[in-house]
Amino acid sequence: MTTLTVSTTPTVTAEHPSRNLLRDIRIVMTRELKPVLRDPFTLLFGMIQPLVFLALFGPLLSGSMGGSLGGGVWQWFVPAILVMTTLFGTSATGANLLFEFQTGAHERMLVTPLARSSLLIGRALKEMVPLFGQAVIVIAVMTPFAFDLHVGGALVGLALLAVFGIGLGSFSYALAIAVRKQDWMFWMVQQTFLFPLMILSGMLLPLETGPEWMRIAAKFNPLSYLVDAERTLFSGEVLSSAVLWGWVAAIVTAAAGLTVGIRSMLRSAA
């Protein structure tokens, strides 16, 4: 007589690696957002800051070279402001990590089963949440002032900024690890690179009126391709060479940033 044995052990189905990564990114992003939600004043101030910059710098730009900017001053300047907020936000990702080094929170995160790349991507995407809020407010305020909204191009533009922000945030993460014993060095290096990147991207002023060496240097600045792509997308052109080069710059930056960031993280944990 044959005895049938029924196993009571539950069957474990392995999750696809991509699902695990997306879950880990969500966990890290949620963890990083909780302090922000507990202190909404900082979030609200960050949303108002781009409007202050538009109100103070926009009229000067309009008066000095408004007629030479294709599509109008605001169509040219508003996308650049969104790029600038992304630049400031994601480049400061490492500042939160420096605080976690002091409290020991970073070491506790490293012993969890979370994917190492999720620690970088989740932190960078957390910085994109205020950016989306800033974008909605800026567009809503500027639409009555001759700013034409093209929803499709704007959504693609925000996705492009998110990809670029992942790379820049990862570089910031790696910088924080490198200078964790001298945290003041983080801000010195960040500011040293930040403003040349801004100026050589044509974000604030068109480079066509600048010297030739600046135009040549801009060709080696990935941020300049991103700014051109955002202006093109916000004007309603989704399929163009400027947008293609913007995606190339964003993807290369993201890949390089994640590579450097993950290597720095593994070395710090060794």
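Me: What am I looking at, and how are residues numbered?
Reply: It's a predicted model, so local features need pLDDT of at least 70, side-chain atom pairs count only at pLDDT 80 or more, and totals for chains, interfaces and linings use all residues. Residues are numbered from 1 along each chain as its sequence is written, and side-chain values use heavy atoms, with hydrogens and water left out.

Me: What makes Arg-23 and Asp-24 a salt bridge?
Reply: The term asks for a side-chain nitrogen of Lys or Arg within 4 Å of a carboxyl oxygen of Asp or Glu. Here the closest N and O atoms are 3.2 Å apart, so the pair meets that cut-off. A search of the whole structure turns up one salt bridge.

Me: Why is Asp-24 called buried?
Reply: Buried means under 20% relative accessible area, exposed means over 50%, and partly exposed is in between (1.4 Å probe, protein chains only). Asp-24 has 4% relative accessibility, so it counts as buried. Arg-23 comes in at 32%, so that one is partly exposed.

Me: How do you know that Phe-186 and Trp-187 are edge-to-face?
Reply: Rings of Phe, Tyr and Trp (its six-membered ring) pair if their centres lie within 6.5 Å; planes under 30 degrees apart are stacked, over 60 edge-to-face, and the rest tilted. By this rule there are six aromatic pairs. Phe-186 and Trp-187 sit 5.1 Å centre to centre with 85° between the planes, so both tests are passed. Phe-186 is buried at 0%, while Trp-187 is partly exposed at 41%. Elsewhere, ring pairs link Phe-53, Phe-57 and Phe-77 into a cluster.

Me: What makes the charged end of Arg-231 sit "over" the ring of Trp-76?
Reply: The label needs NZ of Lys or CZ of Arg within 6 Å of the ring centre and within 35 degrees of the ring normal. The charged end of Arg-231 is 3.6 Å from the centre of the Trp-76 ring and counts as sitting over it.

Me: Is Met-142 buried or exposed?
Reply: Met-142, in helix α6, has a relative accessible area of 6%, so it is buried. Met-142 and Trp-74 are 68 residues apart in sequence and 7.7 Å apart in space, C-alpha to C-alpha.

How values were computed: Helix = DSSP H or I, 4+ residues; strand = E, 2+ residues; numbered from the N terminus.
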